[in-house]
Amino acid sequence: MKERTTSISSFNKVLALVALVATVFMVLFSTFMLSEHAAHHCNHADSCPICTLIVQCQQNIKTIGSGLIVATALFVLAYVIVKAEDSFEYQSVQTTLVSQKIRLDN
Ligand SMILES: [Zn+2]
């Protein structure tokens, strides 16, 4: 059972790595294509393949960008919660003479 869990975990790591590499490649490719055709002056009104490519690249970057913002916000929130929980130390708000170790027989 443990071997199966380990193989699933390593499969998930490989899958996450492939997704990460594909995402980075898509962002880099889209950015490269946008910068390559930044000075494009369109002569065709409807069926320009370069304009279609530019629109698709803009959509790719917009989609990835908005997803990354949400993922980053969730990661930061989870990180802050975990760190706050780790650094939290329980301290009683009720202080008594006994809890302060004050002798009462003086
Ligand atoms: Zn065009």
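## Starting at Lys101

Lys101 sits in the segment that follows helix H2, which covers residues 49–87. Helices here are DSSP runs of H or I with at least four residues, strands are runs of E with at least two, and both are numbered from the N terminus. Keep in mind that this is a predicted model: local features need pLDDT of at least 70, side-chain atom pairs count only at pLDDT 80 or more, and totals for chains, interfaces and linings use all residues. Residues are numbered from 1 along each chain as its sequence is written.

What is the phi of Lys101 near? Phi of Lys101 is near 60°, a positive value in a residue that isn't glycine. For background, most residues other than glycine have a negative phi.

Is Lys101 buried or exposed? Lys101 counts as exposed because it has 6 C-beta neighbours inside 10 Å. The cut-offs go like this: a residue is buried if 20 or more other C-beta atoms lie within 10 Å of its own, exposed if 12 or fewer, and partly exposed in between, with C-beta atoms placed from the backbone.

## The chain as a whole

Count the elements and you get 2 helices and 0 strands. Along its principal axes, the C-alpha trace spans about 100 × 45 × 20 Å. The radius of gyration of the chain is 28 Å, whereas a compact globule of 106 residues would have one near 13 Å. That radius is taken over C-alpha atoms, and the globule rule is 2.2 Å times the number of residues to the power 0.38.

How much of the chain is buried? Buried residues make up 2% of the 106 residues.

Ser10 is exposed because it has 10 other C-beta atoms within 10 Å. From Ser10 to Ile61 it's 51 residues in sequence and 29 Å in space, C-alpha to C-alpha.

Now move to the loop between H1 and H2, the place of Asp46. With 5 other C-beta atoms within 10 Å, Asp46 is exposed. Asp46 and Ser66 are 20 residues apart in sequence, and their C-alpha atoms are 29 Å apart in space.

## Helix H2 and what follows

H2 has 39 residues and reaches 56 Å from its first C-alpha to its last, close to the 57 Å expected at 1.5 Å a residue. The expected span is 1.5 Å times one less than the number of residues in the helix. H2 is hardly covered, too: the count of buried residues among its 39 is 1.

Leu53 lies in helix H2. Leu53 counts as partly exposed because it has 16 C-beta neighbours inside 10 Å. Leu53 and Gln94 are 41 residues apart in sequence and 67 Å apart in space, C-alpha to C-alpha.

Val93 lies in the segment after H2, and with 4 C-beta neighbours inside 10 Å, Val93 counts as exposed. Between Val93 and Ala19 there are 49 Å in space, C-alpha to C-alpha, and they are 74 residues apart in sequence.
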